[in-house]
Amino acid sequence: MFKYANPTHFLALAARLIPWLAGATALTLIAGLYLTFFVAPDDYQQGASVKIMYIHVPSAWLGMMCYMVMTSAALGTLVWRHPLADAAQKAAAPLGAAFTLLCLVTGSLWGKPMWGTWWVWDARLTSVLVLFLIYLGLIGLWRTIEEPSQAARAAAILTLVGVVNIPIIKFSVDWWNTLHQPSSVFRLGGPAISPSMLWPLLVMAVAFTLLFFTLHLMEVRNEILRRRLRRLSILAASAEDPELSAEAAK
Amino acid sequence: MKDYSSYIFAAYGFAAALVGFLTIKIALDYRALKKQLARFGDQEKGQ
């Protein structure tokens, strides 16, 4: 594990893994889309609009899972000072924002024909919007603070503060009276959804998870290269200006 | 399917566009970074 904390070892591992992960993502996504459009039945109440569920629900799960990955990375930055933790955290934020945005947009497109409205300030919808805003805040924070180690610490603290929103999203449909339906997959009594719809949903969830890991690995690799380039640029500049040598040493 | 087709196509179209944008952006970033790093390597060799 700690062998791959070395960026050079990590880059070699990423180069080997990315093509396999991309292939597995493509295959699972094709299987999921086939099951969604040609095998899964329409809902007896919602008709064909239920097809939106197969991208809405996995993107919601991924939006939250991505935040938990960032929380682990934030602990890695603050507690263990793992060299790749802040790169992993920074790389995950735009992906989390994208999956959360996808969840909001597809939810809106599903809500309009089913509820008669694009948006309501319901506890579930609002808490997911807050998650999206936290992601944007984190991306902004990284862009605002120039010094990478300071930015990583500030982002890690904000990430740990924001994690309180994850259980709020999960349990919002139980704690408050919401227009959004309660959980139908991860619930105490087992899934309330028919297996003919559950299996395509799970295949799409696996496809989205693989997609996240593929893109995350690619983005972490980019972040390592970006830092290497920054160091080299400062070293090159410090050859002309000795004051920059201290900066390069960081 | 007919009644809701515009909503379904809009949802899947947005998903495809977003995933496509992310993938292309990350891949192009990688290419640009490799190019810039290679330029530094060439400069070091030249010195």
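A:Ile168 is found in helix α6 (residues 165–175) of chain A, where helices (H or I, at least four residues) and strands (E, at least two) are DSSP runs numbered from the N terminus. This residue is partly exposed because 17 other C-beta atoms lie within 10 Å; a residue counts as buried with 20 or more other C-beta atoms within 10 Å of its own, as exposed with 12 or fewer, and as partly exposed in between, the C-beta atoms being placed from the backbone. A:Ile168 and A:Glu146 are 22 residues apart in sequence and, from C-alpha to C-alpha, 32 Å apart in space.

The structure is a predicted model, in which local features need pLDDT of at least 70, side-chain atom pairs count only at pLDDT 80 or more, and totals for chains, interfaces and linings use all residues. Residues are numbered from 1 along each chain as its sequence is written, while chains are lettered from A and ligands numbered from 1 in the order in which they are written. The complex receives an ipTM of 0.88 and a pTM of 0.89 from the predictor. For chain B the mean pLDDT (the predictor's confidence in each residue, from 0 to 100) is 88, and 83% of its residues reach 70 or more.

| Property of chain A | Value |
|---|---|
| Box filled by C-alpha atoms, along the principal axes | roughly 70 × 35 × 30 Å |
| Buried residues | 36% of the 250 residues |

The largest nonpolar core has 63 residues, of which A:Ile52, A:Cys66, A:Met70, A:Ala92 and A:Met204 touch the most other members. Such a core is a set of buried Ala, Val, Leu, Ile, Met, Phe, Trp, Tyr and Cys residues joined through C-beta atoms within 7 Å. Helix α3(A) contributes the largest share of this core, 15 residues. Not counting residues up to four places away in sequence, A:Met70 touches A:Gln89, A:Ala92, A:Ala93, A:Gly96 and A:Thr159.

Between the chains, 25 residues of chain A are in contact with 22 residues of chain B, contact meaning that the C-beta atoms of two residues, placed from the backbone, lie within 7 Å. On the side of chain A that touches chain B, α3 and α7 of chain A each supply at least two residues, and the largest share, 11 residues, comes from α7(A).
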